[in-house]
Protein chains: 2
Amino acid sequence: MVFYLVGLGLGDVTDITVKGLNIIRRCKKVYFENYTSLLSFGFDQTQLEKFYERPIIEADREFVEQKIEKVLEESLNDDIALLIVGDPFGATTHSDLLIRARQIGVSVKVIHNASILTAVGCTGLQLYNFGSTVSIPFWTDNWEPDSFFEKILINLNNGMHTLCLLDIKIKEQSLENILRKRNEYEKPCFLTCSQAAKQIIKIIERNKRNLVVNADIFVVGIARIGWDDQKIVYATLQQLAFEVDMGLPLHSLIIPSFELHPLEKEMLNSFSFK
Amino acid sequence: MVFYLVGLGLGDVTDITVKGLNIIRRCKKVYFENYTSLLSFGFDQTQLEKFYERPIIEADREFVEQKIEKVLEESLNDDIALLIVGDPFGATTHSDLLIRARQIGVSVKVIHNASILTAVGCTGLQLYNFGSTVSIPFWTDNWEPDSFFEKILINLNNGMHTLCLLDIKIKEQSLENILRKRNEYEKPCFLTCSQAAKQIIKIIERNKRNLVVNADIFVVGIARIGWDDQKIVYATLQQLAFEVDMGLPLHSLIIPSFELHPLEKEMLNSFSFK
């Protein structure tokens with residue numbers, strides 16, 4: 001039997017492929033990775049189960065990291081699906097899972113789908129020209145990591161755009177709840193374009209020697225790509241930090257190369273903030 | 001009314017999204033970009049039209065570049081779809097089309113789908129770590145462009161993987177047919193991993209000073225990603241050029257970074273040629 005990694009794409013339930021839907025409907029069990037993140041976008045379980053015609057079993061990060069072996073073993077006898085928002089390889093390679101599957105002799109099939117990594121093409125920026133992708137984490141009072149900024153500079157120095165994925169916190173526990181061993185979780189929260197831009201400005205201010213990048217460079221804020229209300233705004237870092245409202249999550253941020261093709265420039269201008 | 005850019009994903013007809021299929025079925029007209037490339041993979045028009053429940057109108061590159069204005073105008077009155085293999089922004093931004101649509105007041109909606117740019121995650125290489133994408137062209141007796149190689153070196157020097165898309169020739173005319181003004185076209189042809197590897201080895205031999213890259217570096221050949229018979233081979237450039245048979249098109253080539261994560265390394269080893 002087969003263990004299927006099924007990408008759900010971006011947007012709503014109908015963004016699954018016909019092939020993916022047919023597979024889900026004949027699987028014995030259907031797991032949903034990071035299911036809480038999806039539910040926070042306005043889906044409810046009943047709606048998903050009605051569309052898939054199957055009950056859904058939640059598989060949070062802890063589950064995927066610690067109990068996936070058991071699920072893989074199930075697929076020695078039955079077809080099993082693990083649903084993943086976006087493309088199965090968009091956010092993580094799932095290499096661990098693939099290697100463990102091979103070790104116990106489970107055959108894995110991947111149903112690809114759209115990912116934010118390519119959907120950003122809707123900004124008009126040439127996908128060929130993106131350098132490595134960075135993740136911008138939430139800063140706290142005493143933890144302000146900035147190693148991602150180095151990667152942005154490398155991309156800029158080589159004429160490449162940078163897609164910055166913004167941090168998501170799902171099923172996090174407060175220190176108090178951890179100490180009291182209460183199984184209560186914080187509300188999911190999502191780093192916004194405004195917060196990310198503020199953090200970048202702070203990093204720039206710390207590195208005064210850097211003359212290439214300042215708060216007046218133009219960047220692209222994107223929100224809810226693939227949804228009906230997707231939003232793209234071309235503005236300065238400063239504007240994105242303090243003036244632009246990108247609306248509901250999920251947000252991402254693009255630092256375009258300083259060397260833009262005229263068509264890229266024209267497309268970006270059509271998304272200008274002011 | 002709306003002009004829809006509908007991604008078809010990789011693989012067969014059922015790789016379209018449910019949303020995309022629903023849209024096609026209610027569109028007045030359905031155009032198919034680079035339709036000849038798809039047909040060469042074993043589809044026939046009847047099969048597609050039966051699945052989509054709609055007649056398909058061929059839109060080759062010439063058509064999209066020269067006659068798209070007329071199609072865009074049609075969508076002022078009717079819903080029109082343009083089908084694109086992969087993601088609508090995978091191979092080209094279609095910025096031209098989007099800008100022209102805006103000029104004549106046509107609203108455009110994009111239905112995203114899987115693209116080779118993210119599907120390469122199935123090799124185990126971290127997608128975050130890919131630098132800019134290069135295209136390797138067919139060489140002829142007197143035209144051997146090698147500017148793409150510089151980009152591979154930049155990516156390597158910065159610890160990034162490079163996806164190399166290999167040239168496709170569709171609806172090309174022989175010089176003889178052009179001169180005689182005969183509307184006859186050559187059979188579609190596809191640059192193979194073997195040919196691409198040979199071209200790269202030739203470039204390396206020309207640049208003897210370059211000690212970092214030689215014919216013994218390990219690369220990844222990939223073929224028919226997303227199809228049931230997809231093939232991934234981890235081998236040296238030399239082996240890929242002269243020993244490995246990747247089978248039918250479409251092929252692509254990956255030059256991995258020299259700095260691999262242990263999990264990347266383990267996944268690649270599982271695809272070793274020998």
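The model is predicted. Superposing chain B on chain A takes a rotation of 180° with 0.0 Å of shift along its axis, and the RMSD is 0.0 Å. The two copies are thus related as by a two-fold rotation axis.

Start with the interface itself. On chain B, 54 residues are in contact with 54 residues of chain A. Together the chains bury about 4,300 Å². Carbon and sulfur atoms carry 60% of that area. Polar links are there too. Between chain B and chain A, 18 residue pairs are in polar contact, both residues at pLDDT 80 or more. Which elements build the chain B side? Those that give two or more residues are helix 1 (18-26), helix 6 (95-103), helix 7 (116-119), helix 8 (147-157) and helix 12 (262-269) of chain B. Helix 6 of chain B gives the most, with six residues. By residue class, the side of chain B that touches chain A divides into 23 nonpolar, 22 polar and nine charged.

Now the charges that cross over. Six salt bridges span the interface of chain B and chain A. One of them joins A:K109 to B:D228, with the closest N and O atoms 2.6 Å apart.

A:T14 sits in the loop between strand 1 (2-7) and helix 1 (18-26) of chain A. Its relative accessible area is 18%, so A:T14 is buried, the cut-off being under 20%. Leaving out residues up to four places away in sequence, A:T14 touches A:F51 in its own chain and B:T17, B:V18 and B:K19 in the other.

Salt bridges also work within each chain. Over all chains, the structure holds 23. A:R25 pairs with A:E53, the closest N and O atoms being 3.6 Å apart. A:R25 lies in helix 1 of chain A and A:E53 in the loop between helix 3 and strand 3, so the pair ties together parts that are 28 residues apart in sequence. A:R25 is partly exposed, at 32% relative accessible area.

In chain B, helix 10 supplies two such partners. B:E144 and B:K202 meet in a salt bridge at 3.3 Å, N to O. B:E144 lies in the loop between strand 6 (134-136) and helix 8 of chain B, and B:K202 in helix 10 (residues 193-206), so this pair ties together parts that are 58 residues apart in sequence. B:R206 forms a salt bridge with B:D146, at 3.6 Å between the closest N and O atoms. That pair links helix 10 of chain B to the loop between strand 6 and helix 8, so parts 60 residues apart in sequence are tied together. B:R206 is partly exposed at 42% relative accessibility, and B:D146 is partly exposed at 32%. In chain A, A:E144, A:D146, A:K202 and A:R206 are linked in a network of salt bridges.

Last, the backbone. Most residues other than glycine have a negative phi, and most peptide bonds are trans. Where does this model depart from that? A:E53 has a positive phi of about 60°. A:R224 has a positive phi of about 55°. A:R224 lies in the loop between strand 10 (218-223) and strand 11 (231-236) of chain A, and counts as buried at 11% relative accessibility. The peptide bond from A:P249 to A:L250 is cis, with omega near 5°. The bond from B:P249 to B:L250 is cis as well, with omega near 5°.

Conventions: Residues are numbered from 1 along each chain as its sequence is written. Chains are lettered from A and ligands numbered from 1 in the order in which they are written. This is a predicted model: local features need pLDDT of at least 70, side-chain atom pairs count only at pLDDT 80 or more; totals for chains, interfaces and linings use all residues. Side-chain values use heavy atoms; hydrogens and water are left out. Contact means heavy atoms within 4.5 Å. Buried area is the accessible area (1.4 Å probe) that two parts lose on being put together, summed over both. A salt bridge is a side-chain nitrogen of Lys or Arg within 4 Å of a carboxyl oxygen of Asp or Glu. A polar contact is a pair of N or O atoms within 3.5 Å; within protein, one must be able to donate a hydrogen and the other to accept it, and residues adjacent in sequence count only if both atoms are side-chain atoms. Helices (H or I, at least four residues) and strands (E, at least two) are DSSP runs, numbered from the N terminus. Ala, Val, Leu, Ile, Met, Phe, Trp, Tyr, Cys and Pro count as nonpolar, Asp, Glu, Lys and Arg as charged, and the others, Gly among them, as polar. Copies are superposed by least squares on the C-alpha atoms of residues with pLDDT of at least 70 in both. Buried means under 20% relative accessible area, exposed over 50%, partly exposed in between (1.4 Å probe, protein chains only).
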